[in-house]
Amino acid sequence: MNRKPRPAPRTSYFMQGFLPALLYSTETELDDLGAYLLSVSEFLDRQAASFRERLERTSKEHGWNEEAQDHYFQMYGDELDRWTDGFPSTIRSTVLLAACSRLEEGLTSLCKHLEQHEDVATPTTWDSLRMDRGLKRSAKFLRRNFEIHPEDHSAWAETLDHFQVRHCYAHANGNVRLMKAEQATKLREAVGRLSGVTIDDVEQIQLDTTYPEAVVRLMKQFWGAIEDALADNGPVGPTFWP
C-alpha cells in the first residue's frame, strides 16, 4: 500500500500529534461495534429461548393436545419471529451501516487533518477531489499526496462491495427493486462476490448471522493497514512517528 517508504525506520512506537489519536479512535469504535454486535446477539438469543420456553410451559400446564399446541404457537408466531428473525435482521443491517459510516468518516477526517497540518505537504487538496465520493475520494487523496495506495490492499475490493450493500440499505432499506438500474446491477455483482449476503425472490437483501461480524473484522484489518502505511510513509511517518 505504501509506495513511498520513509528513508529510515521509526526509532520507537511512541506517537505524537493528533493523527495517532484519530487513528486509535476509529479502531476503538470498530472494536466497540463488534462488542455491541456480540452483546445484542446474545441478548436476542436469550429472549427467543425464553419466549419458546414460556410457550412450551404454558402448553404443558394446560395439557393441550398437538392440535391445540399448534394453534397456540401460531397465535404467538409473529412475536416469536420478531426475536428470531426481525430484530436480528435489523441488527445486522444496522451494524453494516455503522461500520461503513465509521470507516468513511475516519478516512475523511484523516485526509482533512493531514491537509491542515503545517508540517505535511498536500499538493492535491481535498476540495479539488469533489468529483470523487466516499472511500474513493480518500483513496485518491492519499495516493496523489503520499503515494499510499489503499487499492493495493487485499481488503479494498471487498470493502467497496460491502459499501454497495450498505448503499442499498441506506437508500432503499435493502429493497433492490427501488434502486436505479445501474446501481442494482452493481449491487448484484457485489453480492455475487461476497459471502453471507443474498438477494431473495422478492428482491430483498438477506444477511446471514456471520455477515456483520465479517464486515467489522475486514474494516478493522483495512484500518490497521492504513495506520501501518502512514507510519512507514516518507512524507507522513516522521512527523507523527519519530
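Predicted model: local features only at pLDDT ≥ 70, side-chain atom pairs only at ≥ 80, totals over all residues.
Ser93 is buried, with a relative accessible area of 11%. Setting aside residues up to four places away in sequence, Ser93 touches Tyr169 and Leu207.

A pair of aromatic rings is described by the distance of the centres and the angle of the planes. Across the whole structure, a search finds six aromatic pairs. One of them joins Trp83 and Phe87, with 5.1 Å from centre to centre and 80° between the planes, an edge-to-face arrangement. Trp83 is buried, at 18% relative accessible area, because buried means under 20%. Phe87, at 30% relative accessibility, counts as partly exposed. Trp83 and Phe87 also belong to one aromatic cluster together with Phe43. Another pair is made by Phe141 and Phe146: their ring centres are 6.1 Å apart and their planes stand at 70°, so this pair is edge-to-face too. Phe141 is buried, with a relative accessible area of 0%, and Phe146 is likewise buried at 0%.

In soluble globular proteins, nonpolar side chains tend to be buried together. In this model, the largest nonpolar core holds 59 residues, and the members that touch the most other members are Leu110, Leu114, Val165, Ile205 and Leu230. Several elements give two or more residues to this core: helix H1 (18–62), H3, helix H4 (134–146), helix H5 (156–172), helix H6 (181–193), strand E2 (205–207) and helix H7 (211–231). Leaving out neighbours within four places in sequence, Leu230 is in contact with Leu23, Leu110, Leu114, Ile148, Val236, Gly237 and Trp241.

The cysteines come next. How many disulfides does a search of the whole structure find? The search finds zero. Cys111 shows why: its sulfur is 17 Å from the closest cysteine sulfur, in Cys100, too far for a bond, since a disulfide needs two cysteine sulfur atoms within 2.5 Å. Cys168 is in no disulfide either, with the nearest cysteine sulfur, that of Cys100, 12 Å away. Cys111 counts as buried, at 0% relative accessibility, and Cys168 counts as buried at 0% as well.

Glu147 lies in the loop between H4 and H5. The phi angle of Glu147 is near 55°, a positive value in a residue other than glycine. With a relative accessible area of 35%, Glu147 is partly exposed. Glu203 lies in the loop between strand E1 (197–199) and E2. The phi angle of Glu203 is near 65°, again a positive value in a residue other than glycine.

How values were computed
Residues numbered from 1 in each chain as written. Heavy atoms only, no water. Buried < 20%, exposed > 50% of the residue type's maximum accessible area, 1.4 Å probe, protein only. Phe/Tyr/Trp six-rings, centres within 6.5 Å; stacked < 30°, edge-to-face > 60°. Contact = heavy atoms within 4.5 Å. Core = buried A, V, L, I, M, F, W, Y, C linked by side-chain atoms within 4.5 Å. Helix = DSSP H or I, 4+ residues; strand = E, 2+ residues; numbered from the N terminus.
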